[in-house]
Amino acid sequence: MIQIGNVRIHPVSDGVFWADGGGLFGLVPRVLWEKVVAPDALNRVPMALRCLLIESAGKRILVDTGYGDKFTDKERGILGLTSEGRLLADLARLGFRAEDVDIVLNTHLHADHCGGNTRWNERHEAVPTFPRAEYWVQRLELADARFPDERTRGTYFADNFMPLEHAEQLRVIDGDSLVTPELRLEIAPGHTRSHQVVIAESLGASAIFLADAASWAWALERLAWVPAYDVEPLISIQTKKRLTRWAITRQALLLFEHDPRLVSGRLREEDGRFKVDAEQGID
Ligand SMILES: [Zn+2]
C-alpha cells in the first residue's frame, strides 16, 4: 500500500501480456531497445496489466481494469495474453469485492485498459463487472472508441464500454476533472486524443499514474522513444515534457501501468537527462 497524504493507493494486477517489441518501441531500432528490454524468441516483451485501487474521501476508486476475461483462445493467442483476467482475484486478496468499488476511472478505452470493465453473464451478454460503480470516461475518448478508424479498430471493443451506458453506469466527463478533493484526472494526450492520467495530491505529497503517457520507466528516460500505437506521437513527446517538468517540481511518485519491473519510481534530472529511481519493484 502506498500512502500519499490522506490517499491510500493499492497497486493491483490483471496479469501480464506479451506485446510485439516493434509496436512498443515504434521507430527505435531493435539494436537499441533490446539493450533496455530483452525480447523473447517471437520478438515480444512482457507487459504488466497494473491497475490501482485508490481509497480517497471515503470512496473506493479503481483505475483501469486490464484486459479482462472475455476473449476466445484464438484472440488470446493473437494478443499475446497469458495470464489476464485476474483483477477480481487480486482485489479479493486485498479484501475488496466487486461491489465495493464506487468509481471506475478509464484512462482511455484501449482494450488492455478497460477489458475488465465488463464480463459475460450466463446469457453471454457483456455486463458491468462492478455492479455499483459509476464508470468515468472522457467524452472525446468515447467518441473515438464508438467510431474507430481503420487503425484503432483493433483495440476499441464495444463490449467493453457500451454495456455501461445500457446499465446507466456511465459518466461522461469533458476535460480535466476532480474525482475527490485530493484526486484528479488530467488530459495527457498523444497516445489517444483525450488520454488521461490520474493525479493524487494530499498534504504536500503527490503521485501520478501515467497510464500510456509513459507506460514504462524508459519512456520518461528517453523522451523520443514513442510507441507505434500512439495516434499523435509528437503530442506524446510534448505531454511527456510537461509531465516530467511537473513530476520533478513536485517530487511526485510515478506509477507505471505496463512496466513489469517497476511499480513505482521517482524522477531525477542529471546532465539534462531524466532518470527514474526505483521506489518499488515488481508487485
Ligand atoms: Zn496500454
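Biologist: In this predicted model, which residues of helix 6 are buried?

Modeller: Glu-141, Leu-142 and Ala-145. A residue counts as buried if 20 or more other C-beta atoms lie within 10 Å of its own.

Biologist: What makes these buried residues line one face of the helix?

Modeller: Look down the axis of helix 6: its buried residues fall within an arc of 100°, so they line one face. As a general point, an α-helix has 3.6 residues a turn, so residues three or four places apart point the same way.

Biologist: And which residues are exposed on the other side of helix 6?

Modeller: Arg-139 and Ala-143. To be called exposed, a residue has 12 or fewer other C-beta atoms within 10 Å.

Biologist: What do the buried residues of helix 6 pack against?

Modeller: Strand 8 and strand 9. Helix 6, residues 139–146, lies across both, and runs at about 85° to strand 8 (134–138).

Biologist: Where do those strands sit in the order of the open sheet?

Modeller: The sheet has 7 strands in the order 1-2-3-4-5-8-9, with mixed pairing.

Biologist: Why are strand 1 and strand 9 called edge strands?

Modeller: Strand 1 (2–4) and strand 9 (170–173) each pair on one side only. Going from one strand to the next, the twist averages 30°.

Biologist: How do you know that strand 1 and strand 2 pair?

Modeller: Pairing takes at least two bridges. Strand 1 and strand 2 (residues 7–20) are joined by 3, so they count as a pair, and they run antiparallel.

Biologist: Now the loops. Why is Asn-43 called partly exposed?

Modeller: Asn-43 has 14 other C-beta atoms within 10 Å. Buried needs 20 or more and exposed 12 or fewer, so 14 falls in between. Asn-43 is in the loop between helix 2 (30–33) and strand 3 (44–56), and has a positive phi of about 70° although it is not a glycine.

Biologist: What makes Ala-211 buried?

Modeller: Ala-211 has 26 other C-beta atoms within 10 Å, and the cut-off is 20, so it counts as buried. You'll find Ala-211 in the loop between strand 13 (205–209) and helix 8 (218–221). Its phi is positive too, near 45°.

Biologist: Zooming out, how many helices and strands does the protein chain have?

Modeller: 9 helices and 16 strands.

How values were computed
Residues numbered from 1 in each chain as written. Predicted model: local features only at pLDDT ≥ 70, side-chain atom pairs only at ≥ 80, totals over all residues. Helix = DSSP H or I, 4+ residues; strand = E, 2+ residues; numbered from the N terminus. Axes fitted to C-alpha atoms, helices over the stretch in contact; angles between N-to-C directions. Contact = placed C-beta atoms within 7 Å. Arc of directions from axis to C-beta.
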